[in-house]
Amino acid sequence: MRTRGVRRLPAALTAAAIVAAVCVACLAVSGQGSSIDQATPAGRRPHIEPNYVDAVIPPNIAPLNFRVREQGDRYRVRVVSDRQQPIDLTSRSSTTSIPENQWRQWLLTHRGGQLQFEVFVRNESGWKRFNAFQVTVANEEIDSHLVYRRIHPAHSLWRDMGIYQRDLRTFKESAVLTNDYTKGGCVNCHTFCNNRTDTMLVSSRADTCALIVQDGRVEKVGAKFGYASWHPNGKMVVYTDMLVSLFLHPAAEEVRDVIDLDSLLEYYDTQSKRVGTAPDLAKKDRLETYPTWSPDGRWLYFCSAPLTWTSRNTIPERYDRIQYDLMRIPYDPNRGTWGQAETVVAAKDAGRSILLPRISPDGRWLLVSMCDYGCFPAYRKSSDLYMIDLDAAKRTGRYETRRLAINSDQSESWHSWSSNSRWIAFSSKRDNGLFTRTYLSYVDTNGVVHKPFVLPQEDPTQYDSCLWTYSVPELVVEPVRTTKESLGRVVRGSRRISVQMPITMATPKADTTPTIGVPYQAGRE
Amino acid sequence: MLFAFLWLWVQPVLIYDCGAITNFPVFYKGWPFFFQTVRTPGGFVQYAAAFLSQLFYYSWAGAAVITLQIWATCLCTGYLLRKADLPAARLLRFAPAIVMLVAYAGYSYHFPLFLGVLACVAFASMYAQSAGRSRSDIGVFLGLLTILYLAGAAASLSFAASCAAYELRRRRWRQAGLYPLVAAVLPYVLGVLILRISVDNAYTELLPFSWRIVSLPSRERLIATVYVAYLLPVAGVLAGALRHLWRDRRPEPAKHKSGFLARSLGKPVVSWTLGTIVLFAVGGGTAWLARDAGRKALLEIHHYACRRMWPQVLDAARHCPADACVINAIDRALYHQGRLGQDLFLYAQEPEALVVTGSDHIVHYWHTFDTLMDLGLVNQAEKNLTECLEAFGEQPMILKRLATVNMVKGRTEAARVYLGALRKTLFHSRWAGEQLARLDADPSLSSDPEIQRMRVRYYRPDSIAEFYDRDAMLTALVGPDEPPGPQPASGGRNRMAFEYLLAWRLLTGQLGRVAQQAGRMAEFGYTEIPPLCQEAILIYAYGTGRQVDLRGLSINPEIERQFKNFSAVVNRYGANRAAAIPELARDYRGSYFFYYFNAKVANR
């Protein structure tokens with residue numbers, strides 16, 4: 001008996017040691033070693049990244065994981081609200097990862113309310129409590145998916161790029177079409193009809209074609225589709241046909257710049273499979289671009305600038321004076337006829353170039369980018385978002401542009417609306433001036449756009465070393481179901497719908513490449 | 001010996017620095033990169049190749065990695081060939097090693113593909129070892145094929161071919177027929193249907209005819225070695241199988257009585273010795289013949305230029321055929337050695353190579369863009385480095401430069417992103433950490449003299465016309481020509497730009513404009529006019545009969561005397577100017593007299 005007892009002793013001691021070690025570890029991890037209740041107040045809010053402080057968030061967004069940028073060896077985030085018991089998240093690292101299930105539960109409980117985050121940081125002098133910060137959970141959901149283009153901040157060459165979709169409720173990202181499928185060719189200009197993905201368009205420069213997806217069927221149209229907009233009935237897509245040229249600045253902050261040396265608007269009828277245009281969409285002395293339909297399909301809004309040069313091969317000397325007006329043209333969907341274009345907001349009145357009009361699906365708000373000059377707001381630091389109240393314009397006959405308070409001192413562009421008109425997604429360079437990130441903002445019923453927040457990532461430090469730019473974020477209510485294999489197969493396939501262009505360009509000069517010293521070469525190794 | 005050859009002659013660090021190698025892999029520490037890489041077929045091999053390739057940063061470590069790769073391939077190939085009953089397997093196993101050596105000695109980068117070859121022969125050896133022992137060869141094959149497909153993608157096709165050939169030898173026709181069929185179907189099922197990769201990638205990833213390689217000249221270089229490396233083991237096993245089948249069908253011929261020589265050769269010691277001699281002769285001969293000294297010199301210049309090792313650049317340039325990148329590095333080295341105005345024409349020159357703008361060649365050795373940075377042409381450098389990033393991938397040395405570009409431009413948050421990426425690399429993490437700490441301490445980098453110096457050069461009026469125009473861009477950096485010149489637009493004296501402008505005008509024969517700049521020498525701190533400019537001024541003054549205002553500086557009488565002698569030689573040949581070239585070359589090579597005469601006058 002005694003021998004057995006002696007034999008058991010080491011095992012018992014070992015077990016006791018393990019239990020003690022586990023207890024100590026648990027205490028250490030949970031930070032119970034010193035009292036958090038006696039934490040000294042820091043007297044300010046913590047620095048957190050990404051900055052979600054005071055943001056309004058959708059009730060169906062993925063967890064807002066963040067990093068506390070305060071020195072310490074223990075971190076605790078306490079989520080407080082009047083609708084639940086406080087919940088603590090403790091970590092040795094400054095990164096707070098919120099469990100997805102718990103997060104979903106919080107959002108469900110706090111829909112229309114606020115979540116309050118208290119941050120505690122422990123350093124050598126003990127625990128420090130920072131002032132709480134809030135995020136407001138909106139009542140209205142954001143569309144479940146976001147489709148964007150992911151590319152390096154390239155100039156005229158790319159290696160890996162593609163169109164990706166992100167489930168906004170989780171962190172799942174998947175490829176819609178990458179240039180793996182087009183043997184390195186560019187893919188861009190993804191456009192959806194009514195925030196749905198069963199009708200969509202993707203352009204590919206690999207074979208200079210556009211992919212039209214309708215009800216799961218993919219067709220390749222043998223034409224170069226630029227910026228496009230689907231008619232709400234899904235039977236027609238209007239697009240820009242442009243002679244785009246990249247030119248470069250030797251001593252400006254942004255090296256790249258873009259000019260359309262010529263452009264016009266055309267439309268593709270998906271039923272007759274024909275391309276057409278209208279006189280006011282293709283004026284010889286104007287550059288028409290960025291079409292967008294009103295939700296009732298009776299107006300096409302677009303941007304237009306005077307074409308004052310004759311050469312299609314050189315950048316005009318006064319390229320920095322080109323400013324686009326906001327125009328619109330009536331359309332009768334029953335007869336398929338176009339009316340006369342009229343100016344909505346003149347650039348000379350706004351003092352800026354008006355670009356990228358996008359109307360909220362409820363027809364109330366028109367959101368535009370405005371910058372000092374040119375046609376490509378993503379490359380203009382001065383580009384800001386402006387809102388126009390279309391209801392007020394109907395009443396007063398005046399289209400007033402209102403600069404949004406959410407703008408930064410960097411470029412904001414490529415905005416899109418959610419299907420319920422309560423959320424916008426847009427591209428912004430506010431974080432660093434170079435890499436475009438996607439921001440989401442809540443738009444209330446009065447058209448007030450609330451503090452934007454960056455698209456949350458599972459690893460909140462991801463943006464610190466992320467060399468991708470995320471551009472053209474489009475909100476959609478469902479994932480793109482057409483597989484990338486199907487799209488890739490059609491891009492590579494020989495079957496294509498040949499279309500006859502109604503006119504070539506304002507000045508029909510075939511096979512001329514615009515140059516400023518050198519041509520804009522794409523895709524060379 | 002292989003290790004020594006790779007370490008001391010090939011020097012894998014030259015491959016690491018990429019130069020014109022556009023498929024050198026990027027590697028980041030941490031799980032996200034691992035998961036991102038391994039989630040597609042071939043990812044494991046790619047990940048391993050990316051990691052091991054980083055060791056090329058140290059030549060000795062890179063040489064060890066390559067030696068191990070070659071050794072393991074030989075080992076597995078030998079085992080496979082022995083199992084296939086191929087005579088001379090002991091020697092033939094080295095065949096893939098020799099072709100791999102050819103690839104490395106020729107400075108092509110096919111490391112991941114050779115790793116794919118290694119995976120194939122290793123798995124084929126495993127199959128050969130287990131075949132016959134296991135009850136279900138097909139099961140073993142399927143298991144290995146699936147694992148290999150996930151790890152090495154389409155490289156598994158070679159494995160399946162080896163296994164089928166091996167089964168031929170064993171007269172197991174069902175397996176021999178089934179294996180190629182399964183191997184053909186598996187990429188579609190596993191790659192396309194389950195893992196959702198494209199058909200192209202499913203069937204070609206890690207094979208030499210992948211679209212990532214084909215039609216890209218820099219990647220197709222010596223790609224034949226990969227084909228051979230893939231096919232040799234398969235061909236060996238197949239040859240063994242056919243020999244076996246052939247021998248079974250024909251009766252064994254009666255053995256002749258061997259002579260002394262045959263008996264001697266039959267002895268293991270003799271055959272081993274002879275085999276070893278043959279191996280060393282073939283291996284050594286191949287290594288010797290495969291050496292690409294020109295390409296090595298080119299990569300050395302890139303390596304030294306990136307590290308600002310100017311004497312070494314000039315030394316390596318002696319062994320290298322002149323091209324735009326080499327000339328660019330030479331000119332930059334000459335400037336930093338204070339010899340540009342004196343020794344420019346001792347080296348081959350091409351005007352456009354002085355400043356490589358990136359307008360003509362997007363893929364370039366990125367050291368050419370360091371010249372742009374040194375000059376203060378920050379945006380041109382940024383544009384070209386961004387193109388390089390696309391062409392070469394997120395290589396640490398490009399990230400470093402882009403971080404610097406953004407620091408100079410005051411876009412420090414963007415610099416942080418590049419530094420953040422650099423922080424995750426193996427060997428540049430510390431530098432990135434230091435730079436991030438520096439940014440934390442001084443966010444505007446206002447106390448950094450180097451950044452401040454570059455900023456002074458960067459801030460100037462913007463004019464899109466000067467982006468690719470060398471004369472215009474250099475003039476913008478030094479200020480207008482007309483003496484007395486105002487303060488340069490850059491607000492500081494950019495001596496490098498001034499010397500480059502002079503060099504550009506010398507190279508393009510703009511004598512009048514060189515003479516015009518003579519009055520500005522003092523402005524840029526010269527106490528005497530650089531000899532080549534003196535020569536140009538003399539040609540201009542005598543040619544046009546105009547006086548040149550040298551603003552207190554003078555022409556060296558010795559140079560004047562040389563000019564007279566030079567003119568005498570030229571005059572002696574009268575109208576047949578071209579005939580004077582050999583004599584002039586003997587006595588005046590390296591002088592501007594000769595360059596100008598040769599390039600501008602002789603064939604007029």
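Here we talk through confidence, a helix pair and the chain contact.

Mentor: This is a predicted model, where local features need pLDDT of at least 70 and side-chain atom pairs count only at pLDDT 80 or more, while totals for chains, interfaces and linings use all residues. Residues are numbered from 1 along each chain as its sequence is written, and chains are lettered from A and ligands numbered from 1 in the order in which they are written.

Trainee: What is the mean pLDDT of chain B?

Mentor: pLDDT is the predictor's confidence in each residue, from 0 to 100. Chain B has a mean of 85, with 92% of its residues at 70 or more. For the complex, the predictor gives an ipTM of 0.87 and a pTM of 0.88.

Trainee: How do I read the pair α4(B) and α8(B)?

Mentor: Two packed helices are described by the angle between their axes and the distance between the axes. Axes are lines fitted to C-alpha atoms, for helices over the stretch in contact, and angles run from 0 to 180 degrees between N-to-C directions. Helices are DSSP runs (H or I, at least four residues), numbered from the N terminus. Here, the axes of α4 (residues 43-54) and α8 (residues 111-130) of chain B come within 9 Å and cross at roughly 125°.

Trainee: And which residues of chain B touch chain A, by element?

Mentor: Contact means C-beta atoms, placed from the backbone, within 7 Å. By that rule, 45 residues of chain B meet 36 residues of chain A. α23 (378-392) and α25 (412-423) of chain B are the elements giving two or more residues to that side, and α23(B) gives the most, with nine residues.

Methods
Contact = placed C-beta atoms within 7 Å.
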